[in-house]
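Please examine the sequence and the model shown below.

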Amino acid sequence: MPAPRIFITAVEMISPAGWGVHTHLDAFRSEQSPLRNVHGTAEGHLPDFVKNALERLREEKSLKNQDPVTQLAVLLIRSMATKSRIPPDFGVIFGSSRGAARHLEAAIAEHLEGRRLHPLTSPTTTASSLPAAIARELGLEGPSLAISAACSTGLHAIIQAAASIRMDMAPGMIAGGAESANTRFTLDMLKEAKVYAEPKGDAEFPCRPGAMDRNGMVLSEGAAAVLLESDPWQAPLGELVGWGAATEKSTLTGISPDGSVLVKAISQALKIAGLQVSDIDLIVGHGAGTQKGDAAEMKAYETLFFDQVPVVWHKWLLGHMLGASACASVILGLHHLKEGLLPPHPYFPFGDFRRSERRLQSQRHLLVTALGFGGNAAALIVKNPALIEF
């Protein structure tokens, strides 16, 4: 019996640039970044209208004690559920890099002060509280589990959700990630790791993936999710055809200069998809904006694609939403592929072709990549829905 095919049938995302896919596409065309310097540190924060929606959510008894990252994920999934059918036999694999950072940090501080902890501290700071809240919200009865693979969490969540469908554990899965960890502790950790963007006055673009003058990542809040199904009830937005993941023995914060672990993950995805490098029409890269990380990533693309495939990055607009970033890349990449238009990268110098909106020469397959602390890499290949045959 052939393995079931995996289709993306619904998507949703929230970031500092807004709420919803088309809002984000408009934000790219505006060529303005919402990332700002706050007390000398560049950060990405949710828009006020999203914060207001979260405040209303916190008034609900079942959610008021949850960490902001869980509340954000529930807000996102509620929005997705209004646009798509999500039956109770579906499952959820949802992740985060830092998890319930705000509640956990506050609880540790209270504990060290000798104060009594809230009775719900344990269940609301456990990693599984994130997908569990989503499952409760929608009444899901399928598998529910958390996943964390640092900055590539979003792709790993999708890959593992696809595997769950193929193993007949559920006919459909929600997959994605959320992050709400713009705490002083998290920011200081990233600065000490020498991966954070150094403040440069009131820089218009604090994060500049792929640029010669890039100088680090910018932490951001956000959430993104996709709905995967083997038997879609509505026209799919794309089909997952290839996936790969690999890990190498490298530094704690990066990968080897030649990007070999990413080459391995991409090669695995191509093999599973039964595709050649010439079948890939667009790469949505990781592009955190660090000197070494971006260089290793580009080296991997050069090794496989010989600079023949256009590469786009999103973090100049979204910031680095850690566990949510890679899933957001898939969502936006689907629309780039469908429309045949690549967003501008306005931080590149005048005369650089990447500065302006570009048109794809062909629109068959999208490759999305992600890199995470600890030397891990992931890759996902999605087919244009216009080419899907049943």
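The largest cavity is lined by Asn37, Gly40, Thr41, Ala42, Ala197, Glu198, Pro199, Lys200, Ala203, Pro206, Arg208 and Asn215. A cavity is defined on a 1 Å grid over the protein atoms alone, as a set of points where a 1.4 Å probe fits but cannot get out, and lining residues have an atom within 4 Å of a point. The model is predicted, and local features need pLDDT of at least 70, side-chain atom pairs count only at pLDDT 80 or more, and totals for chains, interfaces and linings use all residues. Residues are numbered from 1 along each chain as its sequence is written, and side-chain values use heavy atoms, with hydrogens and water left out.

Rolling a probe the size of a water molecule over the atoms shows where empty space is left. The largest cavity holds about 70 Å³ of space, where a volume is the space filled by probe spheres set on the grid points, which are joined across faces, edges and corners. Its lining comprises five nonpolar, four polar and three charged residues. In this classification, Ala, Val, Leu, Ile, Met, Phe, Trp, Tyr, Cys and Pro count as nonpolar, Asp, Glu, Lys and Arg as charged, and the others, Gly among them, as polar.

The second largest cavity contains about 60 Å³ of space. Around this cavity stand Leu25, Phe28, Arg29, His336, Glu339, Leu341, Leu342, Pro343 and Glu357. Two or more of the lining residues come from each of helix H1 (21–30), helix H12 (325–339) and strand E12 (341–342); helices (H or I, at least four residues) and strands (E, at least two) are DSSP runs, numbered from the N terminus. Helix H1 gives the most to this lining, with three residues. By class, the lining of the second largest cavity has five nonpolar residues, one polar residue and three charged residues.

Pockets form another kind of space. A pocket is an open set of grid points with protein on both sides within 12 Å along at least five of seven lines. The largest pocket has a volume of about 710 Å³. Among the 33 residues that line the largest pocket, Lys194, Val195, Thr253, Thr290 and Gly293 are the closest to its centre. Helix H10 (291–305) and strand E14 (365–372) each contribute at least two residues to this lining, and H10 gives the most, with five residues. The lining of the largest pocket divides into 14 nonpolar, 15 polar and four charged residues.

The second largest pocket has a volume of about 320 Å³. It is lined by 16 residues, of which Asp281, Gln308, Val309, Pro310 and Gln361 are the closest to its centre. Eight nonpolar, four polar and four charged residues make up the lining of the second largest pocket.

Where does strand E1 lie in relation to the rest of the structure? All 10 of the 10 residues of E1 (residues 6–15) are buried, so this strand is largely enclosed by the rest of the structure. Buried means under 20% relative accessible area, exposed over 50%, and partly exposed in between (1.4 Å probe, protein chains only).

Strand E1 also has paired neighbours; two strands pair if DSSP finds at least two bridges between them. Seven bridges join E1 to strand E8 (residues 222–229), and the two run antiparallel. E1 pairs with strand E9 (residues 238–247) in the antiparallel sense as well, over three bridges. Ile8 has a bridge partner in each of these strands: Leu228 in E8 and Gly238 in E9. Strand E2 (residues 18–19) is antiparallel to E1 and is paired with E1 over two bridges. A hairpin of two residues joins E1 to E2, and Ile14 stands opposite Trp19 in E2.

Thr183 is found in the loop between strand E7 (172–179) and helix H8 (184–192). Thr183 is buried, with a relative accessible area of 8%. Leaving aside neighbours within four places in sequence, Thr183 is in contact (heavy atoms within 4.5 Å) with Arg102 and Glu105.

A disulfide is a covalent bond between the sulfur atoms of two cysteines. With a disulfide taken as a pair of cysteine sulfur atoms within 2.5 Å, the structure holds zero disulfides. Cys207 is buried at 1% relative accessibility, and Cys327 is buried with a relative accessible area of 0%.
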